[in-house]
Structures are given as C-alpha cells and as structure tokens.
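Q: I have a model open and want to go through it piece by piece. Can you take my questions as they come?

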Amino acid sequence: MKDGNKLRAASRRAVVKGGIALAALPLATVFTKRASAQGRPVTKVLDFTTGADVAKAEAEGEFLFYTHDSEPAAAGILEAFSKDFPKIKGKYIRAQNGALFSKTIAERSAGNFSVDVIQFSEPATALDFQKRGGYTRYVSPQTDAYATEHLSNPVGDYFWVGVTFAGISYNTEKVKAEDAPKAWKDILKPIWLNAANVKQSTSGMQFVQWYELRKLYGDGFWKEFAKLRPRGFDSRVQLFDRLAKGDDKICALAEYAGYLLHKEKGAPIAFVTPDDGMPAAQLLNGVADKAPHPEAARLFVDWLMSNRGQSHYQNNPYLYYGSVRKDAAPMPGNKRLKDFKLLAPSDMDHFMASRDAFNKEWNAMLGLL
Amino acid sequence: MVVSVPDSPPASARVVSAQWLAMAFVVVATALFVLYPIYFLVQASLDVGAPDTRPPTAYGLDNFAALPNYSTIMLNTLVVTFVATIMALVFGFLTAWILTRTNVPGQRTLEQLMTVPYYVTPLLGALAWSLLGAPESGFVNQLWRRLGGEGALIDMTSPMGIAWVMALFEGSVAFVMIGAVMKSMDPSLEEAAQVVGASRLRTMLRITLPLVAPGVLGAAIFVFAEMLGSFSAALVLGTPARFYVITTAIYQLVSQYPPRIPLAAAMGVSLFAVMFLMLYVYRRVTSRRSYVTISGKAFRPRVMDMGWFRWVLFALCTLYILLSVVLPVATLVFSSVQRLAVAFPTADNFTLDNFRTALSLNAVRSAMTNSIILGLLTATIGVLLTGLLAWMIQRSRLPGRGVLEYLVMFPQAVPRLVFAFGMMWAWLVFPIPIYGTFWVLLIAYLTVFLPLGVRTISGVIMQLDRSLDECGQVCGASWGYRLRAITIPLLRPGLLAAWLLIFVASVRELGASILLMGPNSKVLTPAIVEAWFSTSTELTAAMALIQTLVIGIAMILFVVATRRASQQGG
C-alpha cells in the first residue's frame, strides 16, 4: 500500500514535470543551443566557429565517415576537409542507403563502434537511427545559421547537409520543345509509353516524389503512370545517361544535380521546372554515438555545416546539393534553393508510415514483383 | 614413372599423424569458413521479428512463404542460367578441345588469349555489350540504321542477350577447367580409336568427351552456380528491359529502406536446393565409372592432325576471342576517350579526362594494390587448401568425405551479395577482432572461392590412377613425400589453372567485398561498379580498362616467373 502511494506520488511528480517540459518545448531549441555554446568553448578556426577542441581533434588524427554518397563524392569531401586540416585524415565507407543502415546497425549490435560521422539519404533512415540511439547529441555553433526545420528534433542529432530536388528532363533530339512536358501531369501522356525513366524504390528522392505528387494529384496519378511501363534505375547518372543517348525520351525524376553534370558534357537534354513544384529530398548528417574520434567528428560536422563545407557540397559535380544554410552562396547556375518551388514532406510521421505502401507500389510498377 | 625413395622411410605412425593433422586442419578451417556464416544466413532467413534487430526477436517461415510472389523472377533466373550455362560449356569444351587436342595454328598464343575474358571484370563485358547492342543507342544498331536499316539489328537487353554476354565471359572459365583435364589426358585412347577407323568428330564425341566428363561436369556445376549468382550482366542489360533475375531482385531488396534482408536471405537459402541437386547428379554420374587417364604408363601429349580443317578451327577460336575480348575492349577504349559515348563522335567529344580522373582517385590507387595482394594471397593459400580438400574428397578414406564435397559448394550456391551478409554477421561477433580488416577479406575470398578451386583440381585428380600413389606407398614413401614427388607434379596443370582462376576471381570480386571492406582495406571492383552507378559510363570504362591492364600485367609476371622457376627446377 505504501509502495502504491509512492508510485502515485511519483506519477504526479512526473506529470507535473512532463507538463513543464511540454510548455517549455518551443524554447528547448534555444536553450539547448545556449547550453551547448556555454558547455563547450567555441573557437574560431579558419573562417568558421567550432565547438570541437581542434588540438584534441588533431591529436586523434583521423575519423571514419559512413555515407550513401558516391566514391568520388566521398573522396572529394574528405580531400577538401584535409586541405583545411592536414593533420586529420578522413576515411570513408560508402554503400547504398539501405545497405549502409543494415551494416551500421549490425556493427553496433555486435559492439563495434568504428564510425564517427554518418550520412543517410532519407529522413526515415535517420529517424530510425535516431530512435535506436545512433547519434551523439552535438549542437554545433553553426546551428544558428540553420532554420529549425532543417535540424533534427531535438537539435544536435543530425542536420540537413544538403538538398537535392527533381523536375523533368527530356532529350532535345527525340522530343520537340512544344511536345515536352511542362507540368507533372504531362508525364502521364501515352506518348511516353516505354520511353520514360525513374529511380528504383531504393531512392529516398523517389519516395519523396511519389509521396508529394500523390498528395497533389491523388492515388490514381501513379497508377496512370504505371501504364506507361517506365524503367527504373538506381542512380541519377544512369537516368541521364540513357536520356542523353536517346534510350529514353523523358526522365520523370530529373535531379537538377544530374542534369548539370550531363549538360556540362554536352548532352542534348533540357530541364523543365514544373509550375506545380519540384520534389525535394534532404540528406542528413550527424555524429555517431560512441564515435571513437569525437573531437575530429565534431570538427568535421562543424566544417560541413559552415559555408566552407556547404560550398563544397554545392559545387562538387558529384554532389551539387543545394544548401539550406541561411547565408549560403548561390549554386552553379546562380540560383539558390529558395528560387525554386520545392515540395517536401511536412508531416514526417505520415511520410514515414507511407514507406511500405511506396515500396510495394513502386516495385510492382517497375516489374520487380 | 620412377619414384626415388627417401633415405630414411618415416615410421607409419608419423605418416598417419602428418596426414591426419593436415586433413583435420583443412576440415576444421573449411567448416569454420563455410558453416559459421551459413548459420547466420539461415538464422536471418527465419527472422520474422523486428526489422534490423540482431539477434532476431522472432522466428518463422514467413520469408519462405513469400517466395512464390517472386516466381517470375525465379523463372527468369533459371531460364537465363540454363541457356547461358549450355552456351558457355559449348564454347569452353570446343575451344579446349581445339587448343589441347588438335594441331590448330598459333595454339600457344590462342590459349593465352582464351583466358583473357576471365581477367575482365564482368561489368566490363556487360557494359561493352550494352554500348554495342542497346536497341536505341547501341553502336551496332546506330551503324545499322545509318546504313539504311530500320529498328534494332541486335538487342542485348533481351533475355537471350543477357545469356549470350554471360556465356561469352564464363566460357573462358569452362575453357580453363576443361582444358586442364584435357591436358592431363593420355592420347593413346584417341589414337586407338583412330587406328580402328573412327573419324575425328566421332573420336571427339565418343572418346574425348566421355573421358573428360568429370571435368566437363565439374565445369558445368561451377559455371551454372556462377551464372545463378551473376549480377553485372543482369543489372546492366536486364534492368533497362524491366527483366529481373534473383541477384538483381536481391540487390534491390537489400538496398531499399527498410532493407528486406530476411527475404533476401530466404531467396538465397532456397538456392541451396537447386545447387545440391546439381551436385547430387554430378556425384552419381562420376561415381559410376573410372575416368583414369593418367596411369603408370608414360605418355607424351600428342595432338591430332586436322589437315586443312585446322584453319576452320583457328577461325572459330579467333572469332570467340574477337567477340569476347577484342570487340568489348575496343568498344570500351572508344567510349573511355569520349565525354559522352556515342557511335559517331565529333572531334570535340574526345578527351583523356576519364583516365586522368580514374588515376587521380587515391582510393582507386590503394584499392588496386590491396586487390593484387589479396589476389596473390587468396590464390596461393586457396590452391593449398582446395588442393588438399579435393584430394581428401576424391582420394582419402575419410568418413563423411561426401559431406565435405557438399559443404564446399555452399558458398557457390548462394548469391555472393546474400552470403556476404552471413559473413558480415559472423565475423562481426567473432572473438578475434578481424572485422573491417584486410584479413576478413582474405577469409571471405578463401571461403567463396573454395568451390572454384575444388572443382578445378578435382577434375584432374579423378584422372590420376591410384596405383601411382600406392606404388610410392609400397616403396615406403611418406604421405607428404608422395604428395610432393608424385601427386603434385602430375596435378600441375590443374593446380596452375586453379591458381590462375582464383587469383583473377579474387581481383575482380564484388559481392563479398562491398560489405566487408574496411576503410583501410578497400578493393577495386566495388569502386568500379560504384563508378558506373554514380559517375559515368565513360569513367567506368576507363577504370575497368585500367583494372584489366593491371590484372594482365600481373598474369604475365606470374607466367614468366613460373616458367623461369620450372626451367630452373629442370
């Protein structure tokens, strides 16, 4: 009986505490940032501020970066960082988003904590990783340059290291400008039968497009599209390679970054910015829990969040990711993210819950089932 | 054959202990390498608990129950695999027969060129034939249309196109395996057939073919399993036509989020049944009769005089080399020096940037070194290990040696991409921390190439007359001495073939490496495949050509070194 009273009392205390915490939630971000700035001395290195102890980071001498990005992209990022911090050697492992997630989870289950910084290509994966306690909370002094919606909740687990977005692209030798799609609904025309390409269900970007266009035009949109027997590929390079060579006439998930890369090579392709907006997917980066090189990891994340890192992500031809940093310079083509009408999921719970439905519909559409 | 007896014959107890010690070591190592990852793979296939939670939180058969949903993919896989295996065996047998049993002109050069397709990473071949035979942009089809034709002359994205490309490149594996057996064959039986009036064709079909049946069957099983796990050709050529096989489906399942690894594992485990059925047939066929062609009687390898027909045979071999080596490599060279690969490029489209980029990638340079070192180690240790295994399976009286043969075929029965997950889980929790190091890759390669070595060497061992070994035993030679002085010299063609095959297979390995590479132990082929996904066909072509060149140089050095060593050794 006594124990029961204690339990009830504790519960009441918990409720009061919970109420206070809930009321304080809007201010939590601000407090956390301040706490971080106060907790860790902030120093300026090169032209950015960092909460990492640079001397300790240099003494650690290395860090390991897991990423979904391509081999040359990952190598390029670490090479750029090493130019700024020659005493710290960055190493990387890259794999497709799903395989990277499985590998990391398997390693952690076995007590192997070798990764320092990890980057996923879709929010569902990052949220799952967060729920499993995969991140170390580190609120970078660079956080102030980012809007709250571009940071994890709570702040400090991960941030949007870049954004990729997609419109429509067509082969100018196979499709006349007047026949080219102008809006998303135009990709449903029967003339694109066996002539359109998209990405596989492995793509986070593809998931966003499916989700957003379904929201705009209803469930029937993709069912109509499926009748055109589109072809699915793993990467934007493959999509544009086929488009440039005329194997496909339109690319229904034309990432701007892929378009720029192929346009520079002289491919006969054009990019269409649909008036109804362009699906956009974020890439998410954070310090891993039990990182063996915590200071080097923090320094790397600060560098990535700074204008130096963001500039690299925007200008490396294997990345060309748009920056959500408030004071980011324009992307190649002299445009900023805010110049585009982007479609991104706002209700993350609903978005994540839709993943299974997407996988089933998409795999069936591409002939995988 | 003369056997020189050692001065002091060892005591029989020591003989037995040396032999049994070696056998025990090999059995334990093989069981550890194979069964340990298989345990985790089977565990994953039965995992119906919370996704991506290890160890599984619940077990059941749901993943196997879901397999009928993928019946089209299973059927696609079996059709392509059967067609490609038959084609590869025809290529392999014919070319092996021509180059080892006939007086075809330029035999030595042709024989060396025949192995080149195997040096080439499978992606290179698939990429080249995709550039040549894609319905719209394929160079051959563009040329065809420019000459006034309509539509596509060839379609490499069709199931037959995929089977053709797979067979073309696996044909050289069949050639090496069957060729090794044919080289060890006493020609007196063929000569006897001809003396009694049999035609050359009849001699080939009624004498040569049955005598090399173990080698052909061994090659058939190996090639079939290779095709079953083939990934690159199906990925590059099948995906554009919405044609999926089991490996490309598995790749999608494990790459998507949430990864469906338990379903992929169930798909992989279900392939054990197909593979073991093949092995059962092989054992039944080979246990019924003797295939001995190397006995105590001395023989000199002699070839049949084919008269004018040898030029037809020469043309056949040349055509095979043209289609499997010259044309694909030329296509890739042509593509790698362009910014955007097209059949009729303008002058400003040509560039050397792809080679500059490929050579400037630090990761590629270190990966290349790692790949070569791993290849050398895997081939050398692998030949030792698989040689002993093959000897134990074919020659020893070890109880349960039949089980050992099934055991070594496990890694071949499952697509490498799935088996790699089993190995990752296994070596992650292994008490000695080797995960993420160079050594785990060595173990993985030794594991996945067990079937290759055992199949290649077994075919030759079966041709050895037991009496040779028994003769040495009667003379008091120890087991080790007999192995060194009798068995190994006679097995030399098979051992060299196995070394070569394992070396090349290691350097171009993809599936196991992707998950097991650590930051300091990267290897080359995943980087090349990755380049195809994320950079460009042209850069990928440049990287694949560099890899082929490096393997080629390593092979030339190996051949020169072994030739010099054998000359010095008399």
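Q: Start with H9(A): how many of its residues are buried?
A: Ten of the ten residues of H9(A) are buried, so the helix is mostly covered. A residue is buried if 20 or more other C-beta atoms lie within 10 Å of its own, exposed if 12 or fewer, and partly exposed in between, with C-beta atoms placed from the backbone. Helices (H or I, at least four residues) and strands (E, at least two) are DSSP runs, numbered from the N terminus.

Q: Before we go on, what sort of model is this, and how is it numbered?
A: This is a predicted model, in which local features need pLDDT of at least 70 and side-chain atom pairs count only at pLDDT 80 or more, while totals for chains, interfaces and linings use all residues. Residues are numbered from 1 along each chain as its sequence is written, and chains are lettered from A and ligands numbered from 1 in the order in which they are written.

Q: What follows H9(A)?
A: Gly246(A) does, and its phi is positive, near 85°.

Q: Now S7(A). Which way do its residues point?
A: Ala196(A) and Val198(A) point one way from S7(A), residues 196-199, and Asn197(A) and Lys199(A) point the other way. All of these are buried.

Q: Which strands does S7(A) pair with?
A: S7(A) is joined to S9(A), residues 250-255, by two bridges, and the two run parallel. S7(A) also pairs with S8(A) in the parallel sense, over three bridges. Two strands pair if DSSP finds at least two bridges between them.

Q: Zoom out to chain A. What is in it?
A: Chain A has 14 helices and twelve strands. Of its 369 residues, 51% count as buried.

Q: And the domains of chain A? Where are they?
A: Domain 1 is 29-163 + 282-334 and domain 2 is 164-280 + 344-365; such bounds come from an automatic or database domain assignment. Their centres, taken over C-alpha atoms, are separated by 29 Å.

Q: How many residues does the contact between them take?
A: It takes 17 residues from domain 1 of chain A and twelve residues from domain 2 of chain A. Two residues are in contact if their C-beta atoms, placed from the backbone, lie within 7 Å. On the domain 1 side, H5, H6 and strand S6 (159-171) of chain A give two or more residues, and H6(A) gives the most, with three residues.

Q: Last one, chain B. Is H25(B) mostly covered or mostly open, and what about Asp62(B)?
A: H25(B), residues 524-534, is mostly covered, with ten of its eleven residues buried; Trp532(B) is one of the buried residues. Asp62(B) lies in H2(B), residues 62-65, and is partly exposed because 14 other C-beta atoms lie within 10 Å.
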